[in-house]
Amino acid sequence: MAAPTLQDGIDRAGSPVRLLWKPDLSPWTPEVVEREYAGWRQEQRAWHESVALCDLSHHMFDTIVEGPDATRLLSAVSANNYEKFAVGQAKQFIPVAPDGNIVTDGILLREADQRYALSGIPAAQNWVKYHGEKGGYDVTFATDPSSAFRGGADPRIFRYQLQGPLAAQLVERAFGGPLPATRFFHTTPVTLDGIALRALRHGMAGQPGFEFIGEWKDAQFVLDALLTAGEEFGLIRVGALAYPTASMDSGWIPSPTPAVYTAPELADYRRHIGLFGIEGQRPLHGSYFSENIEDFYCSPYELGYGGSISFNHDFIGRDALRKAKDAAPRTKVTLVFDPEDVRQVLGADPGFVHSYGRYRVETGSGLVGVTYQSDSFDPVGTVLSLALLDKAHAEPGTEVSVVWGEHPGPGTDPDADLGLPRIRATVHPSPYDEHARTRYRRDV
């Protein structure tokens, strides 16, 4: 019997929203790594005050796209600029659906002229593989899933990320000198005691640092070497609780809803991908609710990817995306919750708050936006949210309120007054961190 497809799941549930609305599930945190090493508060402070090490080896899918048509395929399914894409460079991958909304993002690294590595949640990789197979492109795909789906096997590669104000000093100590000058989101080959690595100038929290990538057989040796070199710099390992909160600093929204659930021209795509993947299982919940899944979609422009979009080639969704360039109604912001309201609503010591809930953001005029991720953030002493707000209400300093709680979902009016508490919040820029916002991407 064939495995159920995403379209099967939608048909059985009655709608995409009825398939995905799951208000009682625990939020995702990275697999395999310890939940905490030094405590989530201290781990969050480490990438601001000293140096932090994140193990990114386990929670992402990696797909190698290789062959004579690799560039042609990727160019056809994404809005990135492939004319200015050097070997060794990485980019935020921007695939869009026919309506111009994002499928989801990923990190695309050009390893050779016709070999790319696409990393992240698998929705973007599923999109590329489907079009590669259906379009007859001369490419091959090799996917290494996350450790949650690897059946106990080791990853193909390791990724260790060092970031923080002392990261450069730690790297010099570990490698016996500074690394070659490397542009932002570019890689450079390096060796550590004879072990070949690739160093990517990147950090999830928007702090100075590198991501070191190598073969899994060398993982433990490299980890031990970095930990030993980091002792004098106060290196702290980051656990599964603190790690997802790094996106608060960098302003990266990690969970946009893939815009693939309703378009008639994507019916074959929905019948092609499995029900038990990211598209059929990533839950929706929060105080914001709509029966129309398209109300959960978002544009790459709203996510802040406008500077990475290129119209110098044809790609799926190109015309719709061009029309959205000056028409995107929302913009990305950081919301800083009122600490006293947090204590009143969540308790005197709310502990660790981590949610991907779509919570309503309101002013006196009503609904003005929705959150995408909310986290306790110890360096600020309260909860922060990444949100998309109507541009008219997105000016820093604007006072809003966040409706905190869970809408029951289908069967209840989306605008019903459920008596849920409201937490006052203030609009701040995104990225929230000043370094990430102004200096992180400079080529120094």
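These questions and answers concern selected residues of a predicted model.

Q: Why is Phe185 called buried?
A: Its relative accessible area is 8%. Buried means under 20%. Phe185 therefore counts as buried.

Q: Where is Phe185, and what is its phi?
A: Phe185 lies in the loop between helix 6 (167–175) and strand 8 (187–192). Its phi is positive, about 60 degrees, although Phe185 is not a glycine.

Q: Why does Val32 count as exposed?
A: Val32 has 56% relative accessibility. The cut-off for exposed is over 50%. So Val32 counts as exposed.

Q: Where is Val32, and what is its phi?
A: The loop between helix 2 (16–20) and helix 3 (40–49) holds Val32. Phi of Val32 is near 75 degrees, a positive value in a residue other than glycine.

Q: What makes Asp99 partly exposed?
A: Asp99 has a relative accessibility of 38%. Buried is under 20% and exposed is over 50%, with partly exposed in between. Asp99 therefore counts as partly exposed.

Q: Which residues gather with Asp99 in a patch of negative charge, and where is Asp99?
A: Glu265, Glu294 and Asp295 gather with Asp99 in this surface patch. Asp and Glu count as negative, so the patch is one of negative charge. Asp99 itself sits in the loop between strand 3 (90–93) and strand 4 (106–112).

Q: Which peptide bond is cis, and what is its omega?
A: The bond from Ser430 to Pro431 is cis, with omega near 5 degrees. Pro431 is in the loop between strand 18 (422–428) and helix 13 (434–438).

Conventions
Residues are numbered from 1 along each chain as its sequence is written. This is a predicted model: local features need pLDDT of at least 70, side-chain atom pairs count only at pLDDT 80 or more; totals for chains, interfaces and linings use all residues. Side-chain values use heavy atoms; hydrogens and water are left out. Patches are made of residues with over 30% relative accessible area and no salt bridge: like charges are joined within 9 Å, nonpolar side chains (Val, Leu, Ile, Met, Phe, Trp, Tyr) within 5 Å. Accessible areas come from the Shrake-Rupley method with a 1.4 Å probe; for residues, only the protein chains shown count as cover. A salt bridge is a side-chain nitrogen of Lys or Arg within 4 Å of a carboxyl oxygen of Asp or Glu. The place of a charge is taken as NZ of Lys, CZ of Arg, CG of Asp or CD of Glu. Helices (H or I, at least four residues) and strands (E, at least two) are DSSP runs, numbered from the N terminus. Buried means under 20% relative accessible area, exposed over 50%, partly exposed in between (1.4 Å probe, protein chains only).
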